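Me: I'm new to this one. Could you walk me through how to read it?

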Amino acid sequence: MTNPTLNFPTASGHQVLAAAGKKYLRPGGKIATEQLFQWASFNPGETVLELASSFGYSAISLAQRYHVKVLGIEKDPESVACARANIRAAGLENQIEIIEGDIFHLDKIPGKFNYVLAEAILTMQSPQGKAKVLAEIRNRLKPGGKFLSHELLARNKEAEIRADLAKVIRVNSTPLSEANWIDALSTAKLQVQEHLTGSMNLLNLKRILQEEGLLNTMQILWNILTQQSIRKRVLEMRHVFHKYRHELGYIIMCAVAE
Ligand SMILES: C[S@@+](CC[C@H](N)C(=O)[O-])C[C@H]1O[C@@H](n2cnc3c(N)ncnc32)[C@H](O)[C@@H]1O
């Protein structure tokens, strides 16, 4: 249901899409996440630190399918509460912990991890912010640990896209080109071993149906049709995504700590 407390004119794009009922808030969707998981080749009992764990869907999928232990960090208290409820409902409290925290304070998290997963969160950081978080991700990985990254790609027109995206998603979104993403990781001593790019389908109906299922897609469409505040924001975002349909995409990268 629509979030009565959300200030729709100023809310970030992902908050508006979440309020519309979308569960997956990443440019390449579940399909891209699936490829990341395959590249990871998790072993039971290994540990994953997930940045921006949102409603906990990736953490639950990881714990259920690969029997890994997940520590998720999420800044938004409502998302944390929702994630904890989803984890309880899945009976995975022994395998997954979600803490309310900031990705800029990763140094406060004890221990090192076999994997760090970050989806649709570094894109929202400035170049300096990306560098700071990537450096700390490097420090949180065990030797030979893997960083699994899924972000928004701007094949070119980076500055123009940044300006237009900022207007419609209301956060400082700075997607990079393929070369610049790989460069940002290697500057942080995260050697990209595998990477893939593809088209951005966040608001593509066929993709929403595939990911969210028929019932939830109908709920999302109903919310957009009946809620003027949501519809206005979704159409604004869709307009810019369409304007840059040849430039915007997703990138997934699997990198190893040097
Ligand atoms: C675009 S959503 C992506 C969520 C999830 N990773 C996914 O792929 O569906 C970004 C998430 O990052 C969270 N977030 C934004 N800034 C953060 C920060 N500084 N520290 C922790 N979480 C943050 C937001 O609350 C939101 O849940």
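Me: How far does a polar side-chain atom of R26 lie from an oxygen atom of the ligand?

Reply: A polar contact is a pair of N or O atoms within 3.5 Å; within protein, one must be able to donate a hydrogen and the other to accept it, and residues adjacent in sequence count only if both atoms are side-chain atoms. Here, the R26 side chain puts a polar atom 2.8 Å from a ligand oxygen. A52 uses its backbone instead: an N or O atom there sits 2.8 Å from a nitrogen atom of the ligand. On its own the ligand exposes 600 Å², and the protein buries 92% of that (Shrake-Rupley areas, 1.4 Å probe).

Me: Can I trust those numbers, and how do I find the residues?

Reply: Keep in mind that this is a predicted model: local features need pLDDT of at least 70, side-chain atom pairs count only at pLDDT 80 or more, and totals for chains, interfaces and linings use all residues. Numbering starts from 1 along each chain as its sequence is written, and side-chain values use heavy atoms, without hydrogens and water.

Me: How many residues surround the ligand?

Reply: Count a residue if one of its heavy atoms lies within 4 Å. That gives 15, with R26, A52, E74, D102 and E119 the closest.

Me: What order do the strands of the open sheet have?

Reply: In general, strands of a sheet pair through backbone hydrogen bonds, either parallel or antiparallel. Strands are DSSP runs (E, at least two residues), numbered from the N terminus, and two of them pair if DSSP finds at least two bridges between them. This open sheet has seven strands, ordered β3-β2-β1-β4-β5-β7-β6, with mixed pairing. At its edges, β3 (96-100) and β6 (190-199) each pair on one side only.

Me: How many bridges join β1 to β4?

Reply: Four, and these two strands run parallel. E50 faces L117 in β4.
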